[in-house]
Amino acid sequence: NRMIDIMEYRTLEHNLTSAKVLKDVNRPSWEEEYLFTEMELYFVVSLPGNNEEFKTPVDRSGGTDPEWNFPIKFTFEESLLQQDRLTLQMKLCYDHHTETHIIGEVHVSLSQLVDLNTPENLFFNHVSYLLREQSSGCPKGILDFFYKFGEKFTSRVKNFPTPSPGARYPRPRRDLLQHVVEFGCLPPKVKKDFLQGFRVGLIGI
């Protein structure tokens, strides 16, 4: 049996525009030289818990002032927003010798962005955040982006009831298993309501 739930969703339009990388006296000299001469930066943007992740193109000419103007659109459950369980994560990265290095990152609660949102979601909001090193929290740069929340909408979701603790799957029929071994397929006219139990049973054999 399947149950139909009505779920509320909302969208977040996000445009990552630019960043400014700060010089860091604590950086190794090779990294500092590399960053400020051959830097090719990109951002990885994700919304954990929503199974969505985006990567911007690499900026090859902006140096320490890279620009992307990269639009992203997330769709998420409104209930997760109300429970303050959604955090937008943006990581400024570069690749060097096949390794990915993270210069700094920004974590912003979607609830905070909602509080800063303009009335009626008519315009994009512009915000700036400090990029910080995850371990030390030291400032590594500044990130600029625009965002806008969409209107709420509903969608039907099919849910399968959770089996009760003692529930068992149908046992596989050995005659059908033997037929598969010999002929590589199920015999014709197998009932559909038995097929699911047969497949589950094969896994445990």
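Modeller: Quick ground rule: rings of Phe, Tyr and Trp (its six-membered ring) pair if their centres lie within 6.5 Å, with planes under 30 degrees apart counting as stacked, over 60 as edge-to-face and the rest as tilted. With that, Phe76, Tyr129, Phe145, Tyr147 and Phe149 form one aromatic cluster.

Colleague: What kind of model is this?

Modeller: A predicted one: local features need pLDDT of at least 70, side-chain atom pairs count only at pLDDT 80 or more, and totals for chains, interfaces and linings use all residues. Residues are numbered from 1 along each chain as its sequence is written, and side-chain values use heavy atoms, leaving out hydrogens and water.

Colleague: OK, how many aromatic pairs does the structure hold?

Modeller: There are 7. In one of them, tyrosine 9 and phenylalanine 153 have ring centres 5.9 Å apart and planes at 25 degrees, so that pair is stacked.

Colleague: Where do those two lie?

Modeller: Tyrosine 9 is in strand E1 (residues 3-21) and phenylalanine 153 in strand E9 (residues 153-159), so the pair ties together parts 144 residues apart in sequence. Strands here are DSSP runs of E, at least two residues, numbered from the N terminus.

Colleague: Is tyrosine 9 buried or exposed?

Modeller: Buried, at 17% relative accessibility; the cut-offs are under 20% for buried, over 50% for exposed and in between for partly exposed (1.4 Å probe, protein chains only). Phenylalanine 153 is partly exposed at 36%.

How values were computed:
Helices (H or I, at least four residues) and strands (E, at least two) are DSSP runs, numbered from the N terminus.
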